[in-house]
Amino acid sequence: MSNRKQILLVDEEVIMEEEEFIVSKTDLRGNLIYANRTFMRIALYPENKLLGQPHSIMRHPDMPKGVFKLLWQTIKKGDEFFGFVKNICSDGRYYWVFANVTPAYDQQNRPVGYLSVRRKPPLSAINVIKPIYQKMLQIERSENSDKVAEQKSIAYLQSELDKLQLNYQQFVINLFNAK
Ligand SMILES: Cc1cc2nc3c(=O)[nH]c(=O)nc-3n(C[C@H](O)[C@H](O)[C@H](O)COP(=O)(O)O)c2cc1C
């Protein structure tokens, strides 16, 4: 998104505690309407700097577009998404999460927004996911069109899953559980 504020990256990780949950809610376009205190403490934002902002304010450049494409495809269909995400804190440091993103509905069953709960990912999972994301990024950077970039990087991810004979959700949940 073009209006995203540039944050100078700092190569230092902020590690979540095992018992912590980072929670946020967005409207249907992905603008934040709620963040819990753990979110504000780890991402280092006061509430008034978060609410109304697009969730992409914490997007880290190491994250492939293909992962967010999968996220939005999944939640727009009404399904829940699981995935490993590297985010930027407002001071430029980063933190890894295992995220679950689900659609939220009103009483008439109309979609009203999305809810995300994130937990500390095991290091073993991050060690598996990092080279996959790096390869996805490399594929994306070699393409001019965003659309083709996403398609090709998702196709690469799919080829890795095929080798393991797992679907995407099985793959990430297995990684999360393999502590
Ligand atoms: C509930 C919810 C939670 C999200 N959480 C994150 C997040 O923690 N980090 C992130 O970079 N994007 C998150 N996203 C995805 C962003 O909306 C966005 O698609 C992504 O940052 C890529 O930004 P871009 O499309 O502007 O490039 C979330 C989206 C939703 C609906």
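This is a predicted model: local features need pLDDT of at least 70, side-chain atom pairs count only at pLDDT 80 or more; totals for chains, interfaces and linings use all residues.
Strand S1 (residues 22-26) and S2 run antiparallel and are joined by three bridges. Within this pair, Thr26 lies opposite Leu32 of S2.

**Sheet**
- The sheet is open and has five strands, in the order S2-S1-S5-S4-S3, with antiparallel pairing.
- Strand S2 (32-35) and strand S3 (81-88) form the edges, each pairing on one side only.
- Direction ignored, neighbouring strands of this sheet are turned by 30 degrees against each other on average.

**Helix H3 on the sheet**
- H3 packs on the sheet and touches S3, strand S4 (94-105) and strand S5 (111-119).
- The direction of H3 makes about 135 degrees with that of S3.

**Helix H3 against helix H5**
- Helix H3 (residues 65-76) packs with helix H5 (residues 146-164) at an angle of about 85 degrees, and their axes are 8 Å apart.
- Because angles of 65 to 115 degrees count as roughly perpendicular, H3 is roughly perpendicular to H5.
- On the H3 side, the contact involves Lys65, Gly66, Lys69 and Leu70.
- On the H5 side, these residues meet Asp146, Glu150, Ser153, Ile154 and Leu157.
- By class, the contact of H3 with H5 comprises four charged, three nonpolar and two polar residues.

Terms used: Residues are numbered from 1 along each chain as its sequence is written. Side-chain values use heavy atoms; hydrogens and water are left out. Axes are lines fitted to C-alpha atoms, for helices over the stretch in contact, and angles run from 0 to 180 degrees between N-to-C directions. Helices (H or I, at least four residues) and strands (E, at least two) are DSSP runs, numbered from the N terminus. Angles under 35 degrees count as roughly parallel, over 145 as roughly antiparallel, 65 to 115 as roughly perpendicular and the rest as oblique. Contact means heavy atoms within 4.5 Å. Ala, Val, Leu, Ile, Met, Phe, Trp, Tyr, Cys and Pro count as nonpolar, Asp, Glu, Lys and Arg as charged, and the others, Gly among them, as polar. Two strands pair if DSSP finds at least two bridges between them.
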